[in-house]
Amino acid sequence: MILCVSALLLALLVAAPAHGDVFGPISLVSEGGVPGAPEAQQSEYAHNPAISGNGRYVAFDGSFHGVSGVWRAELQNGKVAGEIQQVAGGDAELPSISESGQYVSFTTDEGASLPEITYGLHGEAPDRPAGTKEAVNVYVRDMAIGREQPEAFKTQAFKIVSAVNGSDAPLSYSGARTERGAVAAGRSAISANGNEVAFVTTAVSDLAEGTPSEPKTPALQVAVRYLKEETTQLVSVERGTGGPVLAQEGSTVYGAVYPDSSTGTAPAFAPPAAYGGAMPPPGASISANGLAVAWMGTSIEQQAPLLADEHREPSYTEPLWRWIEPGAE
């Protein structure tokens, strides 16, 4: 009997798989050929990786062969398969990717020029008259529409996310138009099916109040865009009125989202730096099913009930979340 038990234990030990048999080797994602430069190369720099739910694609921002933007790599058998595709050129950064990898959201200040600056034509937008540079906005790229479909690529490959409710027109902003507008968080701003995208406004806008000529919605609000329906909904509402959040502490005005700034204003958008650089802009996360949104909130008392006899100043911060299933209001 003892001999049988010993033999059984020995067999189990021999058959037990080692970790090396379970896990594959570590390899670079930002290495391979790109459009216009098919020979394998490593990026000059790369950051903000986001992996698709099916594990097949990784999106990141960086630069290859002097061409910057957001990129998507396909993974097969432990390595990058084929060319690394450019999602969006120029100053595009902070990608988030859908479950299938077809849709990628990102932030840019060159939205109208995306068809011209994507696919390695060059990292810079065409010359524009002084004073006409765009505000920062959020877009989604449909990777099923490629450069081999020039007309469709020009008109359908990119969709505006930070747009007016019921329209495909970008939000209007007051203030520093070239440095602020709307941003989306990298990694977690888009839902699994790619239809819902969460974003944060970083300037006074016409998101919920005001007109393009006179925006009145305070900065630092959370919203969700439903791409197929072309609707944009304010998520971070003031619990008493259902309107945009606005609170003040001394001379500092706060919105709904923690700005990570003593002034109460959002950090300005800047092109991605090769190394280091400022902290990423504030952002919000959306669940895979598109039914819940979370953000790092400020003006907490304006948005959510606190315990009895509890009071918090507008600058106090807490994570907040909201269920946004249609009809859940």
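Trainee: Which residue's side chain meets that of Arg56 in a salt bridge?
Mentor: Happy to start there, and note that this is a predicted model, where local features need pLDDT of at least 70, side-chain atom pairs count only at pLDDT 80 or more, and totals for chains, interfaces and linings use all residues. Residues are numbered from 1 along each chain as its sequence is written, and side-chain values use heavy atoms, with hydrogens and water left out. A salt bridge here is a side-chain nitrogen of Lys or Arg within 4 Å of a carboxyl oxygen of Asp or Glu. At 2.5 Å, N to O, the partner of Arg56 is Glu74.

Trainee: How many residues apart in sequence are the parts that this pair ties together?
Mentor: Helices (H or I, at least four residues) and strands (E, at least two) are DSSP runs, numbered from the N terminus. Arg56 sits in the loop between strand E3 (45-51) and strand E4 (57-64), while Glu74 belongs to strand E5 (residues 67-76), so the parts they tie together are separated in sequence by 18 residues.

Trainee: Is Glu74 buried or exposed?
Mentor: Buried means under 20% relative accessible area, exposed over 50%, and partly exposed in between (1.4 Å probe, protein chains only). Arg56, at 37%, is partly exposed. Glu74 has a relative accessibility of 17%, so the word for Glu74 is buried.

Trainee: With which residue does Glu310 form a salt bridge?
Mentor: The whole structure holds two salt bridges. In the one with Glu310, the closest N and O atoms are 3.0 Å apart. Glu310 is partly exposed at 27%, and its partner, partly exposed at 28%, is Arg312.

Trainee: Why is strand E9 largely enclosed by the rest of the structure?
Mentor: Strand E9 covers residues 103-108. The reason lies in how many of its six residues are buried, namely five.

Trainee: Over how many bridges do E9 and strand E10 pair?
Mentor: Two strands pair if DSSP finds at least two bridges between them. E9 is joined to strand E8 (residues 93-97) by three bridges, running antiparallel. With E10 (residues 137-142) the sense is also antiparallel, and Tyr103 has Asp142 as its bridge partner there. The number of bridges between E9 and E10 is six.
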